[in-house]
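Subject: Structure handover

Hi,

Here is the structure you are taking over. Please open it alongside this note.

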Amino acid sequence: MEFIEDLKENFDSVDPTQPTEAQPLDPTKYSAFVKNPGDITEDVLYQLADIISGRMNVRAEAQKPGLPTTPDVVDRLLNSVTVVYIEEEGVPVGVASLVDPTQKNYMGFKPLDLYSLHAGVNLDGRVLLEFFAVPDEYLNKGIADELLAQIDATDTKVFTVTDADDESAIELLSKYGFQPVANMDIDSNEVPVTLWLR
């Protein structure tokens, strides 16, 4: 648990107003937040869940079809160690969440143990990047770069897992410097999954 406490202290020390290594976003238009999920208001949590579910259309009243925003997504955000998100003029336009992989997840297993065992990769000292989502219309505006820059500012090493056949996730993660290290068959997933490190 000392590792997670150190992680929380690292994130508490990040000043989202300071420039990061990625091309900085216009501070008059965009704001970056690195927060404990308990400090995020309910309406913002649901907006972040909409982005994760692929339903957020930032400039339209109607949401795009996609996964329903259920309390499950909000609950998973609330179980994160840290949530990083970007707002454009007060509206969330990108989100990443970091989870303690040594704790049982919503599927009943400890991600660190299961993925280390199946992949044969030592994941000690890494945090699980559970969600990393940016609406399509913001993919080329530097939002994903800024999310990762906020995480990088804490010297946190992350891993994530995706369905092995999820082409959009493969493209996104490859673009932002994640390396696929193993494909695995996991009982809790219908299709093989890929483990990515950054």
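Ground rules first. This is a predicted model, so please note that local features need pLDDT of at least 70, side-chain atom pairs count only at pLDDT 80 or more, and totals for chains, interfaces and linings use all residues. Residues are numbered from 1 along each chain as its sequence is written, and side-chain values use heavy atoms, with hydrogens and water left out.

**Sheet**

The sheet is open, has 7 strands and mixed pairing, and runs in the order E1-E2-E3-E4-E5-E7-E6. Strands (E, at least two residues) and helices (H or I, at least four) are DSSP runs, numbered from the N terminus. Two strands pair if DSSP finds at least two bridges between them. E1 (30–35) and E6 (179–184) are the edge strands; each has a single partner, so one side of each lacks a neighbour in the sheet. From one strand to the next, the twist averages 25 degrees. Angles run from 0 to 180 degrees between N-to-C directions, with axes fitted to C-alpha atoms, for helices over the stretch in contact.

E3 (residues 91–99) and E4 (residues 126–133) are antiparallel and joined by 5 bridges. Val 95 has Ala 133 of E4 as its bridge partner.

Helix H2 (residues 42–52) packs on the sheet and touches E2 (82–88), E3 and E4. Its direction makes about 85 degrees with that of E3. Helix H4 (residues 111–119) lies across E4, E5 (157–163), E6 and E7 (193–197), at about 85 degrees to E6. Contact here means heavy atoms within 4.5 Å.

**Cores**

A nonpolar core is a set of buried Ala, Val, Leu, Ile, Met, Phe, Trp, Tyr and Cys residues joined through side-chain atoms within 4.5 Å. Buried means under 20% relative accessible area, exposed over 50%, partly exposed in between (1.4 Å probe, protein chains only).

The largest core has 25 residues. Ile 86, Leu 129, Phe 132, Ile 143 and Phe 178 have the most contacts inside it. E1, E2, E3, E4, H5 (143–152) and H6 (167–175) each give two or more residues to this core. H5 gives the most, with 5 residues.

Beyond four places in sequence, the contacts of Phe 178 include Leu 129, Leu 148, Val 158 and Trp 196. A second, separate core has 16 residues, among them Leu 114, Leu 123, Leu 128 and Leu 197.

Glu 87 is in strand E2. It counts as buried, at 11% relative accessibility. Lys 29 is 58 residues away in sequence, but 8.3 Å away in space, C-alpha to C-alpha. Glu 87 is in contact with Lys 29, and also with Phe 33 and Val 44, among others.

Thr 162 lies in strand E5. At 12% relative accessibility, Thr 162 is buried too. Its side chain makes a polar contact with that of Trp 196 (3.0 Å). Such a contact is a pair of N or O atoms within 3.5 Å; within protein, one must be able to donate a hydrogen and the other to accept it, and residues adjacent in sequence count only if both atoms are side-chain atoms.

**Helix H6**

Which residues of H6 are buried? They are Ala 169, Leu 172 and Leu 173. They cover an arc of only 95 degrees around the axis, so they sit on the same side of H6. The arc is taken from the directions from the helix axis to the C-beta atoms. Their cover includes E4, E5 and E7. Glu 167, Glu 171 and Lys 175 are exposed on the other side. Gly 177 follows H6 and has a positive phi, near 85 degrees.

Best wishes
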